[in-house]
Amino acid sequence: MTEEYCLGMSNLKGQAFFYLLTFAAKSNSLAMEYVGRFVGSNADAKGDVDNNKTSSSAASSHSNTSTRWSILSERVQGLLTEAHAVGAMTEEYCLAMSNLEGPAMTAIRLKMMSTDWPAEWEAKKTMFAYGEEMSTDPLEAQFLKALVAMKSPRRILEVGMFTGYGASAMLEGCPGTKVVSLEIDPYLKTWVHDCLDSIPLSEEGGPTYASHHEVVVGPALDTLLSLPISEPFDLIFVDANKSNINGSILSERVQGLLTEAHAVGAMTEEYCLAMSNLEGPAMTAIRLKMMSTDWPAEWEAKKTMFAYGEEMSTDPLEAQFLKALVAMKSPRRILEVGMFTGYGASAMLEGCPGTKVVSLEIDPYLKTWVHDCLDSIPLSEEGGPTYASHHEVVVGPALDTLQSLPISEPFDLIFVDANKSEYQRYVEILMERGLLADGCQIIADNTLYCGIPYTDKLFDAQPARRAFGESIRDFNLWVKNHPHLTQVILPIRDGVSIIMYKPTTDNA
């Protein structure tokens, strides 16, 4: 809208120059009152105001973007710079902190990168012109591996294989699984088999990854019809045939890019939420009660330990993702470190009705608040026990209550969403006390915490939170370098990590 506004306001006559000069004088005085894009929350920006620096003098003194964003051109520059710092670097950071890639995945990736695909196409060996960019992305592949590890499926169907990077990820996720890949190009069947046939499933040798992988050649719509119905699949991964956009002058190109950025970026989460329908009765009841509770009034009445707001809850999209993970894992016992209103707990209870969820929560008020809600909702439409009967809340600081949990009852899944500065210690205590069952996974929330772990403090929207963000950064590095932990960090909401615990150094 910048160009439209400029055009609408432009009427190049004599008095226009006087207006521009007057506006410039006014803008200088306004600049001295400007305290940054974040409404004064940036201390460095306020310091410049106190020293009576204009925006231009601030810009020349240092590169604090929140101070510079006081006139339009610098504001646009700062926003785009921040968008790149927070957006473009998110996936790089997630990938740098993720270390779930094992030997089969590595072998496939290295062979894929070293293959001269244009030469193979020129020699008419392949059906299509390929490139490594057509493969499953390394971050997505590690996420896929984590999902398979949770699900432990007996048989997996992959519709569309290419170089088998996704297939190798799934094979690594559950060594006992059988993966059937549908692939149209016979060349790729041989290419993948030759690679996987040299890598044993175990460090001790024995059968190779190829022995658990079958490739069915032909168009997927045909081969799907030929698969035996006597051997159904527990998990399906679809990545096959999909379907396919102008700026002529600079200003239109910029406008188009910004419009596209908004349409693709800002609306992504809205679309995902609109298309997601995993919220069940317990989740709905918690969410509606949470939205109708007058949290400021409860705080004023000294009923709560802290000043709460619904924005502190697990997000609806993330909660549904959590429910899906629990449905895959089917854990017997789940530990939640940090509960708040129990929206995440209700999602996990819905994900596996037979599970027991133990939530650690510091505020006694919330224990009663959640119980009163869940105790009115039966696990089954036929009635019977309520969700509250499968939910236990242990009140107190998490670092204390973790020490009191009985070691005779380890957990199959952990969800961590409490004090960000204590994440590392939570996991240390869980390992030290033997509270992690065999095959346990830890889901940690907020592991990209406001983008702080990978952005400079100059971009801080809320500087008071930097200490927590730096604790999360330290936690992510600690997990990545720990001999018994591997992880994949996903750029969902504020960052979600799926951490795999193995009491060995085998990362495969």
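Let's start with Ile452, in the loop between β13 (436–445) and α22 (466–481). Helices here are DSSP runs of H or I with at least four residues, strands are runs of E with at least two, and both are numbered from the N terminus. A word on the source: this is a predicted model, where local features need pLDDT of at least 70, side-chain atom pairs count only at pLDDT 80 or more, and totals for chains, interfaces and linings use all residues. Residues are numbered from 1 along each chain as its sequence is written, and side-chain values use heavy atoms, with hydrogens and water left out.

Is Ile452 buried or exposed? Its relative accessibility is 5%, so Ile452 counts as buried. Buried means under 20% relative accessible area, exposed means over 50%, and partly exposed is in between, with a 1.4 Å probe and protein chains only. Setting aside residues up to four places away in sequence, Ile452 touches Asp460, Arg465, Arg466, Gly469 and Glu470. Contact means heavy atoms within 4.5 Å. Ten residues along the chain separate Ile452 from Gln462, and their C-alpha atoms are 9.8 Å apart.

Next, Gln487. It sits in strand β14, residues 485–490. Its relative accessibility is 0%, so Gln487 counts as buried. Which backbone oxygen lies 2.8 Å from a polar atom of the Gln487 side chain? That of Met97. A polar contact is a pair of N or O atoms within 3.5 Å; within protein, one must be able to donate a hydrogen and the other to accept it, and residues adjacent in sequence count only if both atoms are side-chain atoms. Leaving out residues up to four places away in sequence, Gln487 touches a set of residues including Ser98, Asn99, Leu100, Gln142 and Asn476.

Now helix α11, residues 186–196. Its buried residues are Tyr187, Leu188, Trp191, Val192, Cys195 and Leu196. They cover an arc of only 150° around the axis, which puts them on the same side of α11. The arc is that of the directions from the helix axis to the C-beta atoms. Why would such a spacing line up? An α-helix has 3.6 residues a turn, so residues three or four places apart point the same way. What do the buried residues of α11 pack against? The partners are α7 (103–114), α8 (117–122), α10 (165–173), β2 (178–183), β4 (205–208) and β5 (213–217). At the N-terminal end, Asp185 caps α11, with a side-chain oxygen 3.0 Å from the backbone nitrogen of Tyr187.

Two of those partners, α7 and α10, also meet each other. Their axes come within 8 Å and cross at roughly 170°. That makes α7 roughly antiparallel to α10. Axes are lines fitted to C-alpha atoms, for helices over the stretch in contact, and angles run from 0 to 180 degrees between N-to-C directions. Under 35 degrees counts as roughly parallel, over 145 as roughly antiparallel, 65 to 115 as roughly perpendicular, and the rest as oblique. On the α7 side we have Pro103, Ala104, Met105, Ile108 and Arg109; on the α10 side, Tyr165, Ser168, Ala169 and Glu172.

Over to helix α19, residues 364–374. Here Tyr365, Leu366, Trp369, Val370, Cys373 and Leu374 are buried. Their arc is only 150° around the axis, which puts them on the same side of α19. They pack against α15 (281–292), α16, α18, β8 (356–361), β10 (383–386) and β11 (391–395). Asp363 is the N-terminal cap of α19: a side-chain oxygen lies 3.0 Å from the backbone nitrogen of Tyr365. As for α18 (residues 343–351), it is mostly covered, with nine of its nine residues buried.

Thr304 ties in here. It is in the loop between α16 and α17. At 6% relative accessibility, Thr304 counts as buried. Beyond its neighbours within four places in sequence, Thr304 contacts Glu298, Trp299, Asp363 and Tyr365. A polar atom of the Thr304 side chain lies 2.7 Å from the backbone oxygen of Phe306.

Last, two lysines. Lys302 lies in the loop between α16 (295–300) and α17 (316–329). Its phi is near 60°, a positive value in a residue other than glycine. At 73% relative accessibility, Lys302 counts as exposed. Lys124 is in the loop between α8 and α9 (138–151). Lys124 has a positive phi of about 60°, although it is not a glycine. At 72% relative accessibility, Lys124 counts as exposed.
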